[in-house]
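Dear colleague,

Please find below the sequence and structure that I am handing over to you.

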Amino acid sequence: MSATNGDAAGGASEGATALDGLRVVEIAAGRAVAYCAQLLAQYGAEVIRIEPPGGDAIRLAGPFNGDEPDPDGGGLHAAINRGKRSVALDLERDEEAALAARLIEGAALLVSDWREGERLASELPLGDPERWGERFPETTFVSISDFGMTGPYASWRADSHIIEGLAGFSYVSGDPDREPLSAGIELSDYFAATHAAIAALAALAAARRGLRTHVVDISAHEALSMTDDHNLVVWLGSGVVRKRYYSRILPGYPNDIMACKDGHIAFVPVGTGHHDFAGVVSTLLERPDLKDSPIFTETQTRNLRWREFDAVALPWLARHTREEIFRRAGELGLGFGTVPDVEDLLGDSHLEERDYWDEGPDGVRLTGAGAILSATPQRFGPAPALDADGEALRAGAATADGTGGAA
Amino acid sequence: MRFFEDLKVVALTQGWVGPLATRILSDLGANMVRVERAFTPGGNYGNRTLFPPRNDIAGEVWNRNIYFTVRNAGTRSAMIDLGQAEGRALVRRLISEADVVVENFMPGVVARLGFDFQGLHEEFPQLILLHLSGFGQTGPNAFRPANGMTMEPASGVPTVTGYRGEGPTKTGQTWVDPYSGLHGTAALVAALIHRDRTGEGQIIDVSMQEATLPVLESQFADYQRNGRHQARDGNRRPGMVRGAYPCAGDDDWVAISLRDEAEWRAFCRASGHEAWLDDPRFADAASRTEHHDALDESIAAWTRERDKFEVAALLQGAGAPAGPILKADEVIADPQLAAREFFDDLAIGDFGRVPIQRYLPAKFDGAAVPAKGPAPHLGADTDAVLAELGLSAVEIEDLHARRIADRASGLQSDPIAREGSQLPFEDYEEMGSVLRIDRDYAPKPL
């Protein structure tokens, strides 16, 4: 467990991280909060995770070895609580909330969901920005919630499926004669977490410029709606309401994932060969006789008569392996997309060469840094056992500096 | 919340991932100069001419684009010819006075133009230099061509997205572009904090693939621990009642996600199906998962004649997560986004004013981060940027005369490429990729 990709960009100053010496407190409140805090930990902050005594939903989410529940052994916990410290506190009890308050007083940031305040003791006014600023003047509260702290949906409940629907995302995903489709992952959590990390970092940078923020309010709904370019552009420009159509964007075909002999490829032509689509693709598909066919020469004709293109392409793809297709396309200056699954990615030689993976418990691979910084590489540490740092942090909270022996 | 008014940023960007990062910095106050080149015949028109409003390709179509506005609102445009040594020298001067440089071309392209990041770092150690690319700057795939539609598959996510028992599928949005751009932006601000403390700049290498892989952390874990691959199962999740259900209206749907017993009970009571609480098929999460098909049929029978907004409000009021599945025009009209001031009304050249989404929809003590203004006209800031470098009016005119600098005056674009940017929406409507066309739609007047 250490910095991944550490030397790829070169010139790292030993031991330096961007957020050295900064404390962040996380009050556990779901995946987006945990992942935001983890990003801050990766950038070098000391992250203290306050969790309920039995562990939170991330710890209980698994996946577990052999499906045997273990609050310290879950795969999601191992991945998105890396490098944090853990203290278990019952924040509905005044004395435990007071301990939390002491930890927060010494922190630059608190990351949580403002709605947690509805069940917390009065020590922690998460839902009241004004009181927050008075009570914790040195700590910026970064709230990550489904819909933000204000507006008619502020009290609504949601997961990524709901938010993808509201964000215009799922209406255009899937097949035209079937139900709209949401992604197979919790997309809105990750968008919200990353937005929150940017905003938290911006607030820290602003504080150094004398501009103090007390409360940052992040809405997962807005964080995902931000991506709605393609739909909004054609509506706002031409009054066109786009509909899901095999998850394609409006112009351009092919851009589908298609089956081949040993799996799938993303038949999305890119690269220099793309500029002579008709010549290159008809050669690739071993149908030079179609080089002058409008299905090959005219983008919009192909887009509208895509089934005729498929009638040529799919049988050829079915006869060739991924490796054959990529090699042949590459020779023609054409790039396609790969469609790796998790097994493929874990064995991917490119990621290997870039020293991407972090090593987790029992040799399990965890994802690495999303950005390689040459001077301040991101760092990782093990995910803590529940309340692993409780004793030290409780003792520290009783001292003046509240550090509890911070590493 | 213009925190970064002290920063100068130079953007050598295209597409989405790069402009996303630089627009956020601009919205946060930075003086963001986008270096743009004149169109090459038949060549790359990029965001400036993609999907022209109303398919109108007359006149200065490059100054009337919504895509370009979303991705570059409030930034500045300097047209400097990087094909000429003198143009490259001017950009180098611009970089020498900057705090941040962002590029998202294929690895090696900016180096060939004379802006090798390692060299720039050595010469200007205060600079923060951000590379964004599909697969990063090193490794065997570094030079593999990439765009948003290839990077979503490369992220692995389509292998867990799709209808039950069918092949992998993308979503209908090329979300890996903005998602990885956000990671690049976070890295930039982290590097800025380090520079504020130490004066030290650095080089950042963001691979869109690597930035995105953590969204699959649970799937990586389950495969390594238990040898399992997550099956594609539409909108469902194990242990939950989760689906998209048809409603009254033109292809209207409501999304419902019931994650635990409390939400299941709330749903049954609010929808008038209290009998389901005693139905052994739905007794617990496992049995509901087992009988999800039957449950879906029953839920759809209830939603089918109802309005999607009413269903969502009813269920949310009872504590059961639900939401209408919105079309583009409905997203614009969404009351939550309106209440939160998610959109800025920005002028789109001579087209009119339209709502443009914010790229960092955060509130700092209740204050939002709106765009600084509309997107710049091509070359609109060329003269001002050169003057800020200390060039005199005479020198600037000389650069214009030699076409090293440009204001895009008299620009003629390739008519074939222009026509190619038009889309046959009526044909799409007939095919089914367009639901409808509102021919009365009009932007707000300028």
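Strand S5 (residues 128-133) of chain B pairs with strand S6 (residues 202-207) of chain B in the parallel sense, and six bridges connect the two. Within this pairing, B:Leu132 is placed opposite B:Val206 of S6(B). Please bear in mind throughout that the model is predicted.

Both strands belong to an open sheet of eight strands, whose order is S13(A)-S6(B)-S5(B)-S4(B)-S1(B)-S2(B)-S3(B)-S13(B) and whose pairing is mixed. The edges are taken by strand S13 (372-373) of chain A and strand S13 (405-406) of chain B; each has a single partner strand, so one side of each is left without a neighbour in the sheet.

Helix H3 (residues 85-96) of chain B lies across strand S1 (8-12), strand S2 (31-36), strand S3 (76-80) and strand S4 (100-103) of chain B, and runs at about 145° to S3(B). Helix H7(B), for its part, lies across S13 of chain A together with S4, S5 and S6 of chain B, at about 165° to S5(B).

H7(B) also takes part in a helix pair between the chains. Helix H7 (residues 187-208) of chain A packs with helix H7 (residues 176-198) of chain B at an angle of about 20°, the axes being 9 Å apart. With angles under 35 degrees counting as roughly parallel, H7(A) is therefore roughly parallel to H7(B). The crossing in which H7(A) passes H7(B) is left-handed. Among the residues that meet here are A:Tyr190, A:Phe191, A:His195, A:Leu201 and A:Arg208 in H7(A), and B:Tyr179, B:Leu182, B:His183, B:Val189 and B:Asp196 in H7(B).

Chain B contains a further open sheet, formed by three strands in the order S7-S8-S9 with antiparallel pairing. Strand S7 (241-247) and strand S9 (322-324) of chain B stand at its edges with a single partner strand each, so one side of each has no neighbour in the sheet. On average, neighbouring strands of this sheet are turned by 20° against each other, direction ignored. Strand S8 (residues 252-258) of chain B is joined to S9(B) by three bridges, and the two run antiparallel; B:Ala255 stands opposite B:Gly323 in S9(B).

This sheet, too, has helices lying across it. Helix H12 (residues 292-303) of chain B lies across S7 and S8 of chain B and runs at about 35° to S7(B). Helix H13 (residues 308-318) of chain B lies across S7, S8 and S9 of chain B, running at about 160° to S9(B).

Turning to chain A, its secondary structure comprises 17 helices and 13 strands. Its C-alpha atoms fill a box of roughly 80 × 45 × 45 Å along the principal axes. Of the 407 residues of chain A, 60% count as buried. Of the contacts in chain A between residues at least 6 apart in sequence, 69% join residues at least 24 apart.

Finally, helix H17 (residues 390-397) of chain A has A:Gly390, A:Leu393, A:Gly396 and A:Ala397 as its buried residues. They are on the same side of H17(A), because they cover an arc of only 135° around the axis. A:Glu391 and A:Ala395, on the other side of H17(A), are exposed. The buried residues of H17(A) pack against strand S2 (46-51), strand S3 (84-88) and helix H4 (94-105) of chain A.

Yours sincerely

Definitions and conventions. Residues are numbered from 1 along each chain as its sequence is written. Chains are lettered from A and ligands numbered from 1 in the order in which they are written. This is a predicted model: local features need pLDDT of at least 70, side-chain atom pairs count only at pLDDT 80 or more; totals for chains, interfaces and linings use all residues. Two strands pair if DSSP finds at least two bridges between them. Helices (H or I, at least four residues) and strands (E, at least two) are DSSP runs, numbered from the N terminus. Axes are lines fitted to C-alpha atoms, for helices over the stretch in contact, and angles run from 0 to 180 degrees between N-to-C directions. Two residues are in contact if their C-beta atoms, placed from the backbone, lie within 7 Å. A residue is buried if 20 or more other C-beta atoms lie within 10 Å of its own, exposed if 12 or fewer, and partly exposed in between; C-beta atoms are placed from the backbone. The arc is that of the directions from the helix axis to the C-beta atoms. Angles under 35 degrees count as roughly parallel, over 145 as roughly antiparallel, 65 to 115 as roughly perpendicular and the rest as oblique. A crossing is left-handed if the near helix is turned anticlockwise from the far one by less than a right angle, and right-handed if clockwise.
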